[in-house]
Amino acid sequence: MIEFKDVSLVYPNGTQGLKNINVTIKDGEFVVIVGLSGAGKSTFIRSINRLVTPTSGSLLVDNEDILTFKGKDLRKLRTKTGMIFQNYNLVKRSSVLKNVLAGRLGHVGTVRSILNMYSKEDLSLAYESLKRVNIEEKIYNRADELSGGQQQRVSIARVLTQQPKYILADEPVASLDPPTSHQVMTYLKKINKEDGITTIVNLHFIDMAMEYADRIIGMRGGEIVFDGPASEVSEKTFEEIYGRSIREEDKIGGADKS
Amino acid sequence: MDQYSLPPKPKNAFMKRIRNIVIAIAVVALYIWTFTSIDIDWGRAIERSLNNFQRVIPKLFSPDWGALGEVSLSMLETVFIAFAGSLMAAIIAVPLAFLAANNMMGKYFSIIGKWILSAIRAFPDLILAILFVVAVGPNAFAGVLAIAIGSTGMLGKMFSEIIESIDMQVVEAMQANGANRIQILFYAVLPQIIPEFLSYAIYRFEVDIRASSILGIVGAGGIGTMIIFAANNRNWNEMGMILLAIIVVVTIIDFASAKIRQKIV
């Protein structure tokens with residue numbers, strides 16, 4: 001369970017990233033955070049694994065206040081929260097297998113990992129993760145030989161190999177075309193259902209949010225302006241969240257996926 | 001096709017032109033001033049070089065093949081000096097580069113590292129060679145040390161710039177999955193930098209071949225010793241042989257280095 005209690009974040013340059021956030025995310029939920037760029041979605045999601053540190057309030061992950069975490073505690077927290085990025089963030093010159101094994105780094109000892117001495121279980125876990133996103137035939141390819149959608153699937157496999165309790169996805173489809181985007185979201189949703197991994201996804205396409213989310217949180221100016229089940233959401237709700245009327249570019253289209 | 005006329009140029013173009021003219025005048029004045037104050041006796045210089053050309057150049061083009069054995073040995077020593085020196089430099093440069101890169105150890109270490117590297121770069125190879133000849137005696141080891149220190153400055157700077165240009169998002173991704181600093185170094189940093197490091201080290205070896213062929217002039221081993229003797233004895237046929245050897249070896253190594261570096265990156 002993730003609990004934000006009166007969390008605020010002011011960046012050193014004075015920008016208010018988060019403003020008095022109070023929200024609880026229960027285990028197993030699939031939450032989509034929507035909002036325009038600069039609304040604080042990224043700051044919200046990065047607070048949970050402390051890639052950024054809120055300046056006030058308390059943030060509980062599994063009943064521990066993570067805002068004071070340092071060193072070992074912090075690495076432990078990050079080991080149980082996997083992250084997926086807009087730009088995939090794979091090591092382009094390394095093989096797909098090595099990229100996926102990087103998901104084990106928090107679990108495996110330093111010496112074993114730098115000598116590439118992974119146990120049979122770790123290796124088969126990595127392979128199984130690749131199979132789950134249907135990219136196992138690329139296991140020995142270099143990451144930069146893959147297309148964007150394939151790279152994002154590898155990064156999902158990396159997160160699966162990490163065996164996290166939470167998955168944070170920061171604009172995972174913003175660099176992908178509509179059909180590939182739907183494919184990636186479908187994998188994320190499937191993993192959420194099958195493994196019960198709590199998943200928080202940042203999106204700015206409204207039709208996608210409505211299609212995949214259990215629950216939608218809307219943000220504007222660092223504040224939560226909407227929080228409710230996806231079934232209660234309509235275009236009107238999005239107009240309130242965005243503070244303007246909905247335009248064509250707010251939708252990704254292609255929802256009738258193949 | 002439509003005809004477009006370009007939008008008008010920015011207004012301050014006139015001031016810019018005045019500025020450029022002033023700069024041009026200053027540069028020309030500087031050239032005139034330097035050339036007139038060097039005090040060259042042009043007439044004598046031209047007459048002498050015409051004379052020497054007739055005597056020296058034909059001899060350079062008929063190399064003394066009898067000296068081939070001696071020259072090859074000496075050239076081999078030059079290559080060895082360059083190799084040992086650039087290998088040493090490539091190793092010493094790595095920790096200095098990590099120190100100097102501003103995205104690795106923090107701002108203050110970076111400033112210290114950059115200072116060390118530019119201090120090393122301030123010495124030309126030949127000055128280093130003179131220093132080491134005094135320190136370790138007139139032999140090839142002095143040459144190796146001179147090359148090593150001279151190349152460390154340049155390689156350290158190149159390496160640190162490579163480190164600064166890596167994709168830090170990958171580092172962030174490793175942080176986000178709970179990796180510690182050493183794991184991040186091995187999984188996110190090294191794969192991004194090793195090919196470029198190798199490429200620059202090989203390029204530096206290529207440069208060092210040239211640098212080490214001159215070091216013998218101050219007694220630091222290699223083919224430079226033969227050059228200075230041949231020049232002092234006016235033995236232009238042997239000089240021709242030496243130059244031929246240098247040209248052949250440098251060309252081969254340039255070619256090989258280009259091929260290898262193509263494969264790496």
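Where is A:Arg50 found in chain A? A:Arg50 sits in the loop between helix H1 (41-48) and strand E4 (56-61) of chain A, where helices (H or I, at least four residues) and strands (E, at least two) are DSSP runs numbered from the N terminus.

## The model and its confidence

This is a predicted model, in which local features need pLDDT of at least 70 and side-chain atom pairs count only at pLDDT 80 or more, while totals for chains, interfaces and linings use all residues. Residues are numbered from 1 along each chain as its sequence is written, and chains are lettered from A and ligands numbered from 1 in the order in which they are written.

The pLDDT, which is the predictor's confidence in each residue on a scale from 0 to 100, averages 88 in chain A, with 98% of the residues scoring at least 70. Chain B averages a pLDDT of 88, and 100% of its residues score at least 70. Among the elements of chain A, the lowest mean pLDDT, 83, belongs to H9(A), and the highest, 93, to strand E7 (residues 166-169) of chain A. For the model as a whole, the scores are ipTM 0.85 and pTM 0.79.

## Two domains in chain A

Chain A is divided into domain 1 (2-30 + 45-202) and domain 2 (203-253), with bounds that come from an automatic or database domain assignment. The C-alpha centres of domain 1 of chain A and domain 2 of chain A are 23 Å apart. Their contact takes 14 residues from domain 1 of chain A and 13 residues from domain 2 of chain A, where two residues are in contact if their C-beta atoms, placed from the backbone, lie within 7 Å.

On the side of domain 1 of chain A that touches domain 2 of chain A, strand E2 (16-25), helix H7 (178-195) and strand E8 (198-203) of chain A each supply at least two residues, and the largest share, six residues, comes from E2(A). By class, this side of domain 1 of chain A has seven nonpolar, four polar and three charged residues; Ala, Val, Leu, Ile, Met, Phe, Trp, Tyr, Cys and Pro count as nonpolar, Asp, Glu, Lys and Arg as charged, and the others, Gly among them, as polar.

## The nonpolar core

A nonpolar core is a set of buried Ala, Val, Leu, Ile, Met, Phe, Trp, Tyr and Cys residues joined through C-beta atoms within 7 Å. A residue is buried if 20 or more other C-beta atoms lie within 10 Å of its own, exposed if 12 or fewer, and partly exposed in between, with C-beta atoms placed from the backbone. The largest nonpolar core has 136 residues, and those with the most contacts inside it are A:Val32, A:Ala209 and B:Ala146. This core draws at least three residues from each of domain 1 and domain 2 of chain A.

Not counting residues up to four places away in sequence, A:Ala209 touches A:Val32, A:Val34, A:Leu203 and A:Ile216.

H7(A) has 18 residues and reaches 26 Å from its first C-alpha to its last, close to the 26 Å expected at 1.5 Å a residue, a span taken as 1.5 Å times one less than the number of residues. Its buried residues are A:Ser181, A:His182, A:Val184, A:Met185, A:Leu188, A:Ile191 and A:Asn192, and they pack against strand E3 (30-34), helix H6 (148-161), E7, E8 and helix H8 (206-212) of chain A. After H7(A) comes A:Gly196, with a positive phi near 65°.

A:Ile252 lies in the segment after helix H9 (235-242) of chain A and counts as buried because it has 23 C-beta neighbours inside 10 Å. Leaving aside neighbours within four places in sequence, A:Ile252 is in contact with A:Pro178, A:Ser181, A:Phe205, A:Asp207 and A:Met208. The C-alpha atoms of A:Ile252 and A:His182 are separated by 9.3 Å, although these residues are 70 residues apart along the chain.

A:Arg50 is not a glycine, yet it has a positive phi of about 60°, and it counts as buried because it has 21 C-beta neighbours inside 10 Å. A:Gln163, in the loop between H6 and E7 of chain A, is not a glycine either and has a positive phi of about 45°. With 17 C-beta neighbours inside 10 Å, A:Gln163 counts as partly exposed.

## Chain B and its contact with chain A

In the contact between the chains, 18 residues of chain B meet 22 residues of chain A. Helix H7 (168-176) and helix H8 (181-215) of chain B each supply at least two residues of the side of chain B that touches chain A.
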